[in-house]
Amino acid sequence: MRRYINSILAGFAIGIAALCFMKGGLYVGAALFAFGLSAIVYSKWPLFTGMAGFFTDWKSFGWLWPMLLLNGIGTFLAAMLGIDMNLGEAAQTLVDVRVGRGFAGCILPAIGCGFIMSVSVKFARQGKWIPLILGIPTFVICGFPHCIADIAYYTAAPTEGMLPAWIGTVLGNFIGCNLPVYDRFLKEANS
């Protein structure tokens, strides 16, 4: 039960980060976005993009997908806190870009986000926080989509065509999260 609640809390933290981004604008919002992942790593809450590059067996791989759903619930709840914050225009701009790219067009930029997430989490777990503090604003400023944060944007500005764009983002994030640890797979394949 604890990991279910913690997965919702992880999504909630990313949802708050997404609200900060929409309210604060590009640079202030990008800097404040680091709060979400810092809280998650420090609290050891399971976040899809923080865990997708670190699964070790089929059981932990299988847990990624319920985690994604629970993260989404937490993000949705946080986004509901922002309903009265007049975020529709900022959210709509982000959503229009994502939906305009479509499924295939969201994969490549989402790989960049996943890569940065795994590198940031790997170092933060070792007590080295600079990659996280710099990495999270980097992916936000670059416009790389984050599948959990995008749930907050889609909640604030629901648009037709958002599901295929979101699925492309999930796929891209998953691929990117696994790029820094590809050598683990190569070692296992050669064993």
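**Close-up views of a pocket and a helix pair**

**View 1. The largest pocket of the predicted model.** About 290 Å³ of space lies in the largest pocket of this structure, which is a predicted model rather than an experimental one. The pocket is lined by 20 residues, and those that lie nearest its centre are Phe21, Leu26, Leu94, Arg98 and Val140.

**View 2. The helices that line the largest pocket.** Two or more residues of the lining are given by each of helix 1 (2–24), helix 2 (26–43), helix 5, helix 6 and helix 7 (147–156). Helix 5 supplies the largest share of this lining, namely six residues. When the lining residues are sorted by class, 13 are nonpolar, four are polar and three are charged.

**View 3. The packing of helix 5 against helix 6.** Two packed helices are described by the angle between their axes and the distance between the axes. For helix 5 (residues 88–125) and helix 6 (residues 130–142), the angle is about 165° and the axes are 9 Å apart. Because angles over 145 degrees count as roughly antiparallel, helix 5 and helix 6 are described as roughly antiparallel to each other.

**View 4. The residues in contact between helix 5 and helix 6.** On the side of helix 5, the contact is made by Cys113, Ile116, Met117, Ser120, Phe123 and Ala124, while helix 6 contributes Pro131, Leu132, Gly135, Ile136, Thr138 and Phe139. By class, nine residues of this contact are nonpolar and three are polar, and no charged residues take part.

Note on methods. Residues are numbered from 1 along each chain as its sequence is written. This is a predicted model: local features need pLDDT of at least 70, side-chain atom pairs count only at pLDDT 80 or more; totals for chains, interfaces and linings use all residues. Side-chain values use heavy atoms; hydrogens and water are left out. Axes are lines fitted to C-alpha atoms, for helices over the stretch in contact, and angles run from 0 to 180 degrees between N-to-C directions. Helices (H or I, at least four residues) and strands (E, at least two) are DSSP runs, numbered from the N terminus. Angles under 35 degrees count as roughly parallel, over 145 as roughly antiparallel, 65 to 115 as roughly perpendicular and the rest as oblique. Contact means heavy atoms within 4.5 Å. Ala, Val, Leu, Ile, Met, Phe, Trp, Tyr, Cys and Pro count as nonpolar, Asp, Glu, Lys and Arg as charged, and the others, Gly among them, as polar. On a 1 Å grid over the protein atoms alone, a cavity is a set of points where a 1.4 Å probe fits but cannot get out, and a pocket is an open set with protein on both sides within 12 Å along at least five of seven lines; lining residues have an atom within 4 Å of a point. Grid points are joined across faces, edges and corners, and a volume is the space filled by probe spheres set on the points.
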